[in-house]
Amino acid sequence: MVGEVPVGLAQLLDERDIHRALSRFARIADAKRFDDLGEVFADDVTFDYGTGEDAHGIETLRELLRRHLEKCGGTQHLIGSVLVDVDGDRATSRAYVQARHQRTGDFVGPVFDSSGEYTDRWERRAEGWRIVRRDATWATNTGDPGILAMTAPS
């Protein structure tokens with residue numbers, strides 16, 4: 001089978017690519033490299049980040065993440081318990097997310113933690129696997145949500 005990848009191996013490689021893309025998203029968010037979101041999301045992405053309303057486009061997603069993450073200090077998005085189902089050039093993933101947000105300039109102060117799940121629909125595009133739909137559901141939030149809108153203490 002020179003030049004061909006067996007079907008089972010191809011599916012495992014697709015799952016691996018999707019796992020890696022989810023990890024890339026966490027690192028992009030935590031590094032606040034919002035211009036790199038195109039490495040994970042399609043330009044025409046549709047998403048609901050827990051508001052119950054759909055939003056459209058990667059620029060809208062960039063603005064949402066900037067609005068919430070640029071004002072807080074350090075963050076860490078942990079993604080785990082990932083399930084991926086691949087069907088040809090489409091896939092669905094479900095992954096738990098735990099996100100910690102710290103106050104700007106206060107490394108021992110309060111934090112805001114969110115725990116929930118990302119349900120993502122993926123499509124294989126010319127540039128690779130991209131999320132075309134994300135639904136975030138939040139199970140718990142603890143701490144001070146104002147951290148997401150704070151500036152450095154004076």
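I began with F25: its relative accessibility is 1%, under the 20% cut-off, so F25 counts as buried. I note that this is a predicted model.

Next I looked up Y118. Its relative accessible area is 2%, so Y118 is buried too. I then checked Y49 and found that both Y49 and Y118 are buried.

I searched the whole structure for aromatic pairs and got five. One of them joins F25 and Y118 edge-to-face, with 5.8 Å between centres and 80° between planes. F25 belongs to helix 1 and Y118 to strand 5, so this pair ties together parts 93 residues apart in sequence.

Y49 and Y118 also pair edge-to-face, at 5.9 Å centre to centre and 70° between the planes. I placed Y49 in the loop between strand 1 and strand 2, and Y118 in strand 5, so parts 69 residues apart in sequence are tied together. I then traced one aromatic cluster: F25, F41, F47, Y49, Y118 and W138.

What sits over the ring of F25? I found the charged end of R134 there, 4.6 Å from the ring centre. R134 also lies over the face of Y118, 3.7 Å from that ring centre.

Six strands form an open, mixed sheet, ordered 2-1-6-5-4-3. Its edges are strand 2 (55–56) and strand 3 (75–87). Strand 5 (residues 111–125) and strand 6 (residues 128–143) run antiparallel, joined by 14 bridges. I saw E123 opposite R130 in strand 6. Helix 1 (residues 7–31) lies across strands 1, 3, 4, 5 and 6, at about 160° to strand 3. Helix 2 (residues 58–69) packs on the sheet as well, touching strands 1, 2, 3 and 4.

Methods: Residues are numbered from 1 along each chain as its sequence is written. This is a predicted model: local features need pLDDT of at least 70, side-chain atom pairs count only at pLDDT 80 or more; totals for chains, interfaces and linings use all residues. Side-chain values use heavy atoms; hydrogens and water are left out. Two strands pair if DSSP finds at least two bridges between them. Helices (H or I, at least four residues) and strands (E, at least two) are DSSP runs, numbered from the N terminus. Contact means heavy atoms within 4.5 Å. Axes are lines fitted to C-alpha atoms, for helices over the stretch in contact, and angles run from 0 to 180 degrees between N-to-C directions. Rings of Phe, Tyr and Trp (its six-membered ring) pair if their centres lie within 6.5 Å; planes under 30 degrees apart count as stacked, over 60 as edge-to-face and the rest as tilted. Buried means under 20% relative accessible area, exposed over 50%, partly exposed in between (1.4 Å probe, protein chains only). A charge sits over a ring if NZ of Lys or CZ of Arg is within 6 Å of the ring centre and within 35 degrees of the ring normal.
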